[in-house]
Amino acid sequence: MSKERSKVYARKAWYIEGVRMADECIFCRIVAGEIPADIAYQDEDFLAFRDIMPKAPTHVLIIPRIHITSVAELTDGQQKLAGRLIVIARNLAKKEGIARKGYRLVINCGPEGGQVVPHLHLHLLGGRQMDARLG
Ligand code: 5GP
Ligand code: ZN
């Protein structure tokens, strides 16, 4: 990808009912290039960046550029988008060298699900043995 093109991606900002999400949502601010992130992958519709407080040697967050609050807000028409999150994670796992030993994909949804940032994201965790407990 050319540098020029990745800049264009980074400048995209999303509005919902007139509210600029980059003013409200930290991950939208990352999408808009307003706060820095260590980008692991990007394309026109998705961004993947390293978690600021990594819970494993590899901890990447994969997000859609559009603001979707959580899995609970996904529409039936966004099934392709949801699938792409997993395929991007699979590709990144290979790129990060964790595919052979294995990795964990996590999506927290809502307060009791442990979701803190209200912008849909898939955690890719790897590089160490994961705890068998999921709670
Ligand atoms: P959640 O608990 O919502 O599923 O996960 C949110 C994740 O986002 C956490 O692992 C947290 O460390 C990460 N995070 C929060 N703020 C930032 C930030 O500004 N930059 C990056 N790179 N990660 C962040
Ligand atoms: Zn957002």
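Helices (DSSP runs of H or I, at least four residues) and strands (DSSP runs of E, at least two) are numbered here from the N terminus. On this basis the protein chain has 4 helices and 7 strands. The structure is a predicted model, in which local features need pLDDT of at least 70 and side-chain atom pairs count only at pLDDT 80 or more, while totals for chains, interfaces and linings use all residues. Residues are numbered from 1 along each chain as its sequence is written, and chains are lettered from A and ligands numbered from 1 in the order in which they are written.

From the N terminus on, the elements follow the order α-β-β-α-α-β-β-β-α-β-β. Burial was assigned from C-beta atoms placed from the backbone: a residue is buried if 20 or more other C-beta atoms lie within 10 Å of its own, exposed if 12 or fewer, and partly exposed in between. By this criterion 25% of the 135 residues of the protein chain count as buried. Two residues are taken to be in contact if their C-beta atoms, placed from the backbone, lie within 7 Å. Among contacts in the protein chain with a separation of 6 or more, 52% involve residues 24 or more positions apart.

Strands of a sheet pair through backbone hydrogen bonds, either parallel or antiparallel. Here, two strands were taken to pair if DSSP finds at least two bridges between them. An open sheet is formed by 5 strands in the order β3-β4-β5-β7-β6, with antiparallel pairing. Strands β3 and β6 (103–106) stand at the edges with a single partner strand each, so one side of each is left without a neighbour in the sheet. From one strand to the next, the twist averages 15°; axes are lines fitted to C-alpha atoms, for helices over the stretch in contact, and angles run from 0 to 180 degrees between N-to-C directions.

Tyr-41 has Ala-48 of β4 as its bridge partner, and Gln-42 stands opposite Leu-47 in β4. Strand β4 is also joined to β5 by 5 bridges, again antiparallel. In this pairing Leu-47 is partnered by Ile-63 of β5, and Phe-46 by Pro-64 of β5. Strand β5 (residues 58–64) in turn pairs with strand β7 (residues 122–126) over 5 bridges in the antiparallel sense, with Leu-122 in β7 as the bridge partner of Ile-62. Of the 5 residues of β4, 4 are buried, so β4 is largely enclosed by the rest of the structure. Strand β5 is mostly covered, with 6 of its 7 residues buried. Helix α4 (residues 79–95) lies across β3, β4, β5, β6 and β7, and runs at about 20° to β7.

In soluble globular proteins, nonpolar side chains tend to be buried together. A nonpolar core was defined as a set of buried Ala, Val, Leu, Ile, Met, Phe, Trp, Tyr and Cys residues joined through C-beta atoms within 7 Å. The largest such core contains 26 residues, of which Ala-48, Ile-62, Ala-89 and Leu-124 touch the most other members. Two or more residues are given to this core by each of α3 (26–31), β4, β5, α4 and β7, and α4 gives the most, with 5 residues.

Beyond its neighbours within four places in sequence, Ala-48 is in contact with Ala-40, Tyr-41, Gln-42, Val-60, Leu-61, Ile-62, Ile-88 and Leu-92. Leu-124, located in strand β7, is buried, with 28 other C-beta atoms within 10 Å. Leu-124 and Ile-62 are 62 residues apart in sequence, and their C-alpha atoms are 7.6 Å apart in space.

Around ligand 1 there are 13 residues, of which Ile-52, Met-53, Asn-108, Val-116 and Val-117 come nearest; a residue is near a molecule or strand if its C-beta atom, placed from the backbone, lies within 6 Å of it. The shell comprises 8 nonpolar, 3 polar and 2 charged residues, where Ala, Val, Leu, Ile, Met, Phe, Trp, Tyr, Cys and Pro count as nonpolar, Asp, Glu, Lys and Arg as charged, and the others, Gly among them, as polar. Val-117 and Ile-26 are 91 residues apart in sequence and 7.5 Å apart in space, C-alpha to C-alpha. Ile-26 lies in helix α3 and counts as partly exposed, with 16 C-beta neighbours inside 10 Å.
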